[in-house]
Amino acid sequence: MTHSDWTIRSQIAQALGKVDAPSRAVVPPIHVATTYIRDPDNQYRTGNVYGRPDNETIREAEGMIAALEQARAAFVFGSGMSSAVAVFLALQPGDHIVAPRVMYWALRGWLMKDAASWGLETTFVDMTDLDAVEAAMRPGRTKLIWAETPANPLWSITDLEGVARIAGKHGARFAVDSTCATPLLTRPLEFGADIVMHAATKYLNGHSDVLAGALATNAVDDFWARIQRNRAAMGLILGPFEAFLLIRGMRTLALRVEAACRNAMELARRFANHPQVLEVLYPGLESHPGHAVAKRQMKGGFGGMLSIRVRAGEGAAIAAAARVKLWKRATSLGGVESLIEHRASIEGPDTPCPRDLLRLSAGIEDVEDLYTDLDRALPPA
Ligand SMILES: *Cc1c(COP(=O)(O)O)cnc(C)c1O
């Protein structure tokens, strides 16, 4: 990776400063070629051979993500899900996984319904309880602990150092879905994680117009090589046009995340005192059970995601989401526009999500407008 006198923030604003050599363009061209000319002596000296395993534009995006996570290597994928599943499929049949009960619902669904056909077994635990994690470990069989922090949709906080210690003791790898923390607030590799994963669809791209996933690591080993082969074999790589959009999005990551954190904190404080709100779930509030750990491992903010529980119950929550005008009623998160979602509706019957919960993704709009719009939408006492 690039070593530089400049901070990561400065480097990322300039997409690592790469300039197109022939034209001197400050934005490098998008490399759309699927194939490359072989050298006359039968070599491929540029490292470029074919579009499915690798691509120049993809490598630019990967360089930025590796810089953001201070990692030795990064891979980008066509979605967050495909990046996560590529990790699980790098395990061997018979391997055991420890995963959190509170986690991104589609990935939990894959682990519950599909992982078994690859011979993988998963135990779901309360990842905020280190004793429960330790108790779930099966000596010699547990090969991966998967965590997510802050975790959807309750924003539970995992003590990364604590879980890394347990993984290390048992010879298991530790992978962290850090989508909602973003590399600006937490760098899980610094707390002992082996692999960090991002749904780059969310904050990294930030404009709700690209599906992408990313993995980063400092352990460039056989397991990492297997992930790379999974990506190549299944064609999980991100397309060059999408990679370009992701690169462009990441240039403004710092500004967007700062604005989202500020807005989320302000909304959490105000709705915590709102008569129609039963509870605000946000790790930035002292009332949140993960606040102390979050304070230790999140730097510069507690993220842009929060949830509110509507005092009058599920029907009132759905009605409030129907009445907002500025907030957009949609799933997903991490974009510049604020989103609101009745989360239980999408997660299905096995969700740990309370029925009265509205998940809020704070965007970068004026916080007064965001508060006023949702305040008006909540049912009167
Ligand atoms: C969206 C999301 C994913 C999945 O990413 P996709 O790009 O939608 O496949 C995984 N984890 C978290 C925390 C997410 O928010």
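Q297 is buried, with a relative accessible area of 4%. Buried here means under 20% relative accessible area, with over 50% counted as exposed and values in between as partly exposed (1.4 Å probe, protein chains only). The model is predicted: local features need pLDDT of at least 70, side-chain atom pairs count only at pLDDT 80 or more, and totals for chains, interfaces and linings use all residues. Numbering runs from 1 along each chain as its sequence is written, and side-chain values use heavy atoms, without hydrogens or water.

Q297 lies in helix α11, residues 291–297. Helices (H or I, at least four residues) and strands (E, at least two) are DSSP runs, numbered from the N terminus. Leaving out residues up to four places away in sequence, Q297 touches T149, I157, T158, D159, L160, L185, T186 and F191. Contact means heavy atoms within 4.5 Å.

Around the ligand stand 15 residues, of which G80, M81, D177, T201 and K202 come nearest. A residue counts as near if one of its heavy atoms lies within 4 Å. The side chain of D177 places an N or O atom 2.6 Å from a nitrogen atom of the ligand. T201 has a polar side-chain atom 2.6 Å from a ligand oxygen atom. For K202, an N or O atom of the side chain is 2.7 Å from an oxygen atom of the ligand. The protein covers 93% of the 380 Å² of accessible area that the ligand has on its own; areas come from the Shrake-Rupley method with a 1.4 Å probe. Two or more residues of the shell come from each of α3 (80–88) and β6 (195–199). By class, the shell has 7 nonpolar, 5 polar and 3 charged residues. Ala, Val, Leu, Ile, Met, Phe, Trp, Tyr, Cys and Pro count as nonpolar, Asp, Glu, Lys and Arg as charged, and the others, Gly among them, as polar.

The largest nonpolar core has 95 residues. Such a core is a set of buried Ala, Val, Leu, Ile, Met, Phe, Trp, Tyr and Cys residues joined through side-chain atoms within 4.5 Å. I145, F174 and L246 touch the most other members. Helix α10 gives the most to this core, with 9 residues. Beyond four places in sequence, I145 touches residues including V98, M127, V163, F174 and A175. Apart from this core lies another, of 31 residues, among them F88, A99, A115 and F223.

L246 belongs to helix α9 (residues 240–250), where P240, A243, I247, G249 and M250 are also buried. The buried residues of α9 pack against α1 (8–13), α2 (56–69), β1 (73–77) and α10 (253–272).

Notes: A polar contact is a pair of N or O atoms within 3.5 Å; within protein, one must be able to donate a hydrogen and the other to accept it, and residues adjacent in sequence count only if both atoms are side-chain atoms.
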